[in-house]
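I opened my notebook to look up how some parts of this structure sit against each other. My entries follow.

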Amino acid sequence: MIKTLRYAVMLTYLVVGSIAGLLVCVLRPFHPNNTMVAARIFAAARPLLGLKRVIRGQENLLTGESCIYIANHQHNLDLFVLGCMVQPGTVTIGKTALKYIPFFGQLFWLSGNLFIDRGNNEKAVQTMQKANQLIREKKLSVWVFPEGTRNKGHNLLPFKKGAFLTAMELGLPIVPICTSSYPTGIQLNRLNAGEVHIEVLPAISLEGLGKDDLPMLMQTCHQQMQDTIARLDAEIPA
């Protein structure tokens with residue numbers, strides 16, 4: 001019963017929060033901080049889930065400096081769990097289907113975020129090229145879920161190349177953000193649903209790397225995140 005009520009409340013909050021964010025974005029469409037504002041609006045609803053959040057490594061966030069943030073993607077609730085981590089001057093890349101969600105899709109667009117058609121390789125490449133151009137011109141950072149889809153709190157899925165190619169082309173550091181496997185560890189039917197741990201890892205410099213090093217870079221990032229997520233999961237009380 002509590003779980004059903006929580007999902008109903010979060011759905012309502014998604015609509016109300018999207019409308020609130022739209023009011024801001026209409027006044028300053030595509031402003032570089034719109035995504036952060038919208039993310040903070042949704043993050044404010046996290047207590048409604050009954051989740052205690054523990055965050056470490058925030059000193060590793062490169063506020064004011066362009067970089068590529070990569071994070072594990074687990075659930076639709078990531079919006080409420082991870083929204084607090086989005087920094088000023090950051091845009092995200094989301095699947096094209098998001099644009100059809102009433103209010104939220106329009107908010108996503110007016111915030112300056114980018115839609116990517118993962119089913120069309122040519123269009124996906126064009127989106128990443130547009131992201132590269134935005135980063136250069138406006139000195140932005142990009143938040144990416146490199147798995148490309150939700151892993152539902154299970155093992156970290158293989159990474160797509162897009163974010164890493166962008167980092168290499170622009171010479172930007174990569175900042176991994178790891179979240180404990182909360183979809184399999186929390187109990188939303190309880191008032192105190194459990195804990196979620198988030199850790200920001202030190203930036204990974206691409207200095208001296210070329211495109212031939214791409215597989216190694218992807219494997220390094222994947223292994224670091226996988227090891228960190230396993231450690232975070234082990235820290236959470238049963």
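**Entry 1: two helices.** I looked up how α5 and α6 lie. The model is a predicted one. Helix α5 covers residues 121-138, and helix α6 covers residues 162-170. I read an angle of about 40 degrees between them. Their axes are 10 Å apart. An angle under 35 degrees would count as roughly parallel, and 65 to 115 as roughly perpendicular. The pair is therefore oblique. I also noted the handedness: the crossing of α5 past α6 is right-handed.

**Entry 2: who touches whom.** Which residues meet between α5 and α6? From α5 I listed M128, N132, I135 and R136. From α6 I listed G162, A163, T166, E169 and L170. I then sorted this contact by class: four residues are nonpolar, three are polar and two are charged.

**Entry 3: strand β6.** Next I turned to β6, residues 174-179. Is this strand mostly covered or mostly open? I found it mostly covered, with six of its six residues buried. I checked the side-chain directions too. I174, P176 and C178 point one way. V175, I177 and T179 point the other way. Both sets are buried.

**Entry 4: partners of β6.** I looked for the strands that pair with β6. Strand β2, residues 68-71, pairs with β6 in the parallel sense, over four bridges. There I saw Y69 opposite V175 of β6. Strand β7, residues 194-200, runs antiparallel to β6, and three bridges join them. Here I177 has V200 of β7 as its bridge partner.

Methods
Residues are numbered from 1 along each chain as its sequence is written. This is a predicted model: local features need pLDDT of at least 70, side-chain atom pairs count only at pLDDT 80 or more; totals for chains, interfaces and linings use all residues. Side-chain values use heavy atoms; hydrogens and water are left out. Axes are lines fitted to C-alpha atoms, for helices over the stretch in contact, and angles run from 0 to 180 degrees between N-to-C directions. Angles under 35 degrees count as roughly parallel, over 145 as roughly antiparallel, 65 to 115 as roughly perpendicular and the rest as oblique. A crossing is left-handed if the near helix is turned anticlockwise from the far one by less than a right angle, and right-handed if clockwise. Contact means heavy atoms within 4.5 Å. Ala, Val, Leu, Ile, Met, Phe, Trp, Tyr, Cys and Pro count as nonpolar, Asp, Glu, Lys and Arg as charged, and the others, Gly among them, as polar. Buried means under 20% relative accessible area, exposed over 50%, partly exposed in between (1.4 Å probe, protein chains only). Two strands pair if DSSP finds at least two bridges between them.
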